[in-house]
Amino acid sequence: MGVKGKLIGSIEVKCGGHLIHDILHTNPRHILNISPSKLSHFEMDHEGESLKIGSIVNWKYNDDGSEKDKTIKEVIEAIDVEKKSITWKVIGGDVLELYNSLSIITSCEGEWTTCTFVYEKKTEDTSEPLVPFGLLLNVLKDIEAHHLK
């Protein structure tokens with residue numbers, strides 16, 4: 001059994017967290033247009049724009065500036081429209097080379113958007129997932145900038 005950990009970060013968003021949640025929940029495909037330097041592909045396993053519980057999504061992303069994109073495959077475990085939160089469980093992709101498990105929770109309250117990574121490292125020597133965590137925070141900042149235009 002690996003070492004478990006949790007990273008939590010909140011950013012203030014001048015556009016309001018509800019707009020961040022709306023993009024994540026009802027139009028995640030649009031994030032590619034908002035943050036093309038970080039995300040290069042999005043695919044969902046069903047028709048329509050909105051995420052729903054059980055949706056499987058695939059992303060290609062670049063978190064380190066290299067020429068090679070990485071992949072991540074997630075299943076949506078929970079959506080709470082009232083609390084404006086989504087729980088994404090990673091079920092495939094490059095990140096699982098280092099971690100036995102990773103769940104990502106995005107939540108929005110007022111002018112704040114919070115990201116939580118709950119993970120289990122494969123070994124004690126594995127570093128915390130700070131690079132993908134930072135990538136997600138930067139994508140959220142890109143979404144905010146898009147709304148403030």
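How many cavities of 30 Å³ or more does the structure hold? I looked this up before anything else. The structure holds one. I am working from a predicted model.

**Entry: the cavity**

I noted the volume of the largest cavity as about 310 Å³. The elements giving two or more residues to its lining are strand 3 (56-61), strand 4 (70-80), strand 6 (99-109) and helix 3 (130-148). Helix 3 supplies the largest share of that lining, with four residues. I then listed the lining of the largest cavity, which comes to 17 residues. Nearest the centre lie Trp-59, Ile-72, Glu-74, Ile-104 and Leu-136. I sorted the lining by class: 15 residues are nonpolar, one is polar and one is charged. Glu-74 is among the residues nearest the centre, and Glu counts as charged.

**Entry: helix 1**

Which residues of helix 1 are buried? For this helix, residues 17-26, I wrote down Gly-17, Ile-20, His-21, Ile-23, Leu-24 and His-25. I also checked what covers these buried residues. The cover includes helix 2 (31-34), strand 4, strand 5 (85-93), strand 6, strand 7 (112-121) and helix 3.

**Entry: Ser-55**

I found Ser-55 in the loop between strand 2 (39-44) and strand 3. Is Ser-55 buried or exposed? Its relative accessible area is 1%, so Ser-55 is buried; the cut-off for buried is under 20%. The Ser-55 side chain makes a polar contact with the side chain of His-46 at 2.8 Å. The side chain of Ser-55 also reaches the backbone oxygen of Lys-52, at 2.8 Å. Leaving out residues up to four places away in sequence, Ser-55 touches Asp-45, His-46, Glu-74, Val-75 and Ile-76.

**Entry: Ile-11**

Ile-11 sits in strand 1 (residues 4-12). I read its relative accessibility as 11%, so Ile-11 counts as buried. What does Ile-11 contact, leaving aside neighbours within four places in sequence? I listed Glu-111, Trp-112, Thr-113, Leu-137, Leu-140 and Lys-141. I also took the C-alpha separation of Ile-11 and Lys-83, which is 16 Å. Those two residues are 72 residues apart along the chain.

**Entry: the record**

Over residues 2-149 I noted 22% helix and 42% strand. The end C-alpha atoms of that stretch are 44 Å apart.

Technical notes
Residues are numbered from 1 along each chain as its sequence is written. This is a predicted model: local features need pLDDT of at least 70, side-chain atom pairs count only at pLDDT 80 or more; totals for chains, interfaces and linings use all residues. Side-chain values use heavy atoms; hydrogens and water are left out. On a 1 Å grid over the protein atoms alone, a cavity is a set of points where a 1.4 Å probe fits but cannot get out, and a pocket is an open set with protein on both sides within 12 Å along at least five of seven lines; lining residues have an atom within 4 Å of a point. Grid points are joined across faces, edges and corners, and a volume is the space filled by probe spheres set on the points. Buried means under 20% relative accessible area, exposed over 50%, partly exposed in between (1.4 Å probe, protein chains only). Contact means heavy atoms within 4.5 Å. A polar contact is a pair of N or O atoms within 3.5 Å; within protein, one must be able to donate a hydrogen and the other to accept it, and residues adjacent in sequence count only if both atoms are side-chain atoms.
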